[in-house]
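Biologist: Please walk me through the side-chain contacts in this one. I'd like the cut-offs as we go.

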Amino acid sequence: MSQASFRAALSELAAELAGRPLDDTLDAWLNLHHGADSPTFTRLAEAIRTGVAEGWLCQREGGGIRYGRIFKAADDLAGCSVDVVDMADIAGPHHRHPHGEIDLIVPVDAGATFDGRGAGWCVYGPGSAHRPTVAGGRAFVLYLLPQGAIEFTGAAA
């Protein structure tokens, strides 16, 4: 899948997300309608694997994490930016989500988790904060950030 096709797939999903509050209801809805066994998940996961292998995703590296912002916040992405990280048994830098965060978790290794969750979606509400942690192996995580907003706090936990 090309970058343009990847963006088109994300735009289709973003159209369904536009205007929805980032909360537990959205988390459940995403996992029900676009969860690990869905065509959406399969399509996006394959695009991520391809993008990493071809080098157009996760082009930067720091602190043992490969990462990169593939798309800036845009209307066709429901006002979200898109970042992808490649992490293995590591905790990333603590940060806050001013407007929330929607994460797609794609384990590379069987049993790998992101913040204790396996393949699927995880939604953090506005004002939430965490130290993103991948355990049990390697995983790719796609982040949708409303308005591209993220605040690194420097906190230890």
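Modeller: Relative accessible area sets the burial classes: buried is under 20%, exposed is over 50%, and partly exposed is in between (1.4 Å probe, protein chains only). This is a predicted model, where local features need pLDDT of at least 70 and side-chain atom pairs count only at pLDDT 80 or more, while totals for chains, interfaces and linings use all residues. Residues are numbered from 1 along each chain as its sequence is written, and side-chain values use heavy atoms, with hydrogens and water left out.

Biologist: How many salt bridges does the whole structure have?

Modeller: Eight salt bridges turn up in a search of the whole structure, counting a side-chain nitrogen of Lys or Arg within 4 Å of a carboxyl oxygen of Asp or Glu.

Biologist: Which residue does R7 meet in a salt bridge?

Modeller: R7 meets D76, with N to O at 2.8 Å. R7 is in helix α1 (residues 3-17) and D76 is in the loop between β2 (65-74) and β3 (80-91), so the bridge ties together parts 69 residues apart in sequence. Helices (H or I, at least four residues) and strands (E, at least two) are DSSP runs, numbered from the N terminus.

Biologist: Is R7 buried, exposed or partly exposed, and at what relative accessibility?

Modeller: R7 is partly exposed at 24% relative accessibility. D76 is also partly exposed, at 35%.

Biologist: What does E12 pair with?

Modeller: E12 forms a salt bridge with R43, and their closest N and O atoms are 3.5 Å apart. R43 belongs to helix α3 (residues 39-54) and E12 to helix α1, so this pair joins parts 31 residues apart in sequence. E12 is partly exposed at 48%, and R43 is partly exposed at 36%.

Biologist: And D86, where does its partner sit?

Modeller: D86 bridges to R138, closest N and O atoms 2.7 Å apart. D86 is in strand β3 and R138 in strand β9 (residues 133-146), 52 residues apart. Shared partners join R66, D86 and R138 into one network of salt bridges. D86 is buried at 7%, whereas R138 is partly exposed at 29%.

Biologist: Changing topic. Which residues of helix α2 are buried?

Modeller: In α2 (residues 24-33), L26, D27, W29 and L30 are buried. Their arc around the axis is only 165°, which puts them on the same side of α2; the arc is that of the directions from the helix axis to the C-beta atoms. The face turned away from the buried side carries the exposed D24, T25 and L32.

Biologist: What covers that buried side?

Modeller: The cover includes α1, β5 (101-107) and β7 (120-124), with contact taken as heavy atoms within 4.5 Å.

Biologist: How many aromatic pairs are there?

Modeller: Three aromatic pairs. Rings of Phe, Tyr and Trp (its six-membered ring) pair if their centres lie within 6.5 Å; planes under 30 degrees apart are stacked, over 60 edge-to-face, the rest tilted. F114 and Y143 have ring centres 6.2 Å apart and planes at 80°, so they are edge-to-face. F114 lies in strand β6 (residues 113-114) and Y143 in strand β9, so the pair ties together parts 29 residues apart in sequence. F114 is buried at 0%, and Y143 is buried at 7%. Ring pairs also link F6, W56 and F71 into a cluster.

Biologist: Which charges sit over rings?

Modeller: R7 lies over the face of F71, 4.8 Å from the ring centre. The charged end of R20 sits over the ring of W29, 3.9 Å from its centre. The rule is NZ of Lys or CZ of Arg within 6 Å of the ring centre and within 35 degrees of the ring normal.
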